[in-house]
Amino acid sequence: MAFIFAGIVAVITVAFCLLELFAAGMSSSPSASAKVNARVPWHFGIGMFVAALIAGSHWLPHIGW
């Protein structure tokens, strides 16, 4: 189950980053486009890190609530 959630987070992260890049490409302001292009690697890295944490939770011991 953790791998499914991690995959969903990874796909959403990639889609969000592609949307940001598409929006930056459509921008008429070069400085605004450059700012977005500088943020995309951070968003991608954070999203993939969260996906890796979710996938890693597969090996954690079960918590009996």
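This is a predicted model: local features need pLDDT of at least 70, side-chain atom pairs count only at pLDDT 80 or more; totals for chains, interfaces and linings use all residues.
The structure holds 1 aromatic pair. It is formed by Phe3 and Trp59 in an edge-to-face arrangement, with 5.6 Å from centre to centre and 75 degrees between the planes. Rings of Phe, Tyr and Trp (for Trp, the six-membered ring) are paired if their centres lie within 6.5 Å, and planes under 30 degrees apart count as stacked, over 60 as edge-to-face and the rest as tilted. This pair links distant parts of the chain: Phe3 sits in helix H1 (residues 2-26), while Trp59 belongs to the segment after helix H2 (30-56), 56 residues apart. Helices here are DSSP runs of H or I with at least four residues, strands are runs of E with at least two, and both are numbered from the N terminus. Phe3 counts as partly exposed because its relative accessibility is 42%, and Trp59 is exposed, with a relative accessible area of 63%. Buried means under 20% relative accessible area, exposed means over 50%, and partly exposed lies in between (1.4 Å probe, protein chains only).

Residues are numbered from 1 along each chain as its sequence is written, and side-chain values use heavy atoms, with hydrogens and water left out.

The two helices come next. H1 and H2 pack at an angle of about 175 degrees, and their axes are 8 Å apart. H1 is therefore roughly antiparallel to H2. Axes are lines fitted to C-alpha atoms, for helices over the stretch in contact, with angles from 0 to 180 degrees between N-to-C directions; under 35 degrees counts as roughly parallel, over 145 as roughly antiparallel, 65 to 115 as roughly perpendicular and the rest as oblique. The residues of this contact comprise 19 nonpolar, 5 polar and 1 charged. Ala, Val, Leu, Ile, Met, Phe, Trp, Tyr, Cys and Pro count as nonpolar, Asp, Glu, Lys and Arg as charged, and the others, Gly among them, as polar.

Thr13, in helix H1, is buried, with a relative accessible area of 10%. A polar atom of the Thr13 side chain lies 2.8 Å from the backbone oxygen of Val9. Leaving aside residues up to four places away in sequence, Thr13 touches His43, Phe44, Gly47 and Met48, where contact means heavy atoms within 4.5 Å. Val36, found in helix H2, is also buried, at a relative accessible area of 17%.

Phe22 lies in helix H1 and is exposed, with a relative accessible area of 54%.

Gly56 is in helix H2 and counts as partly exposed at 31% relative accessibility. From C-alpha to C-alpha, Gly56 is 30 Å from Val36, 20 residues apart in sequence. Gly56 and Ala2 are 54 residues apart along the chain, yet their C-alpha atoms are separated by 7.9 Å.

Methods:
A polar contact is a pair of N or O atoms within 3.5 Å; within protein, one must be able to donate a hydrogen and the other to accept it, and residues adjacent in sequence count only if both atoms are side-chain atoms.
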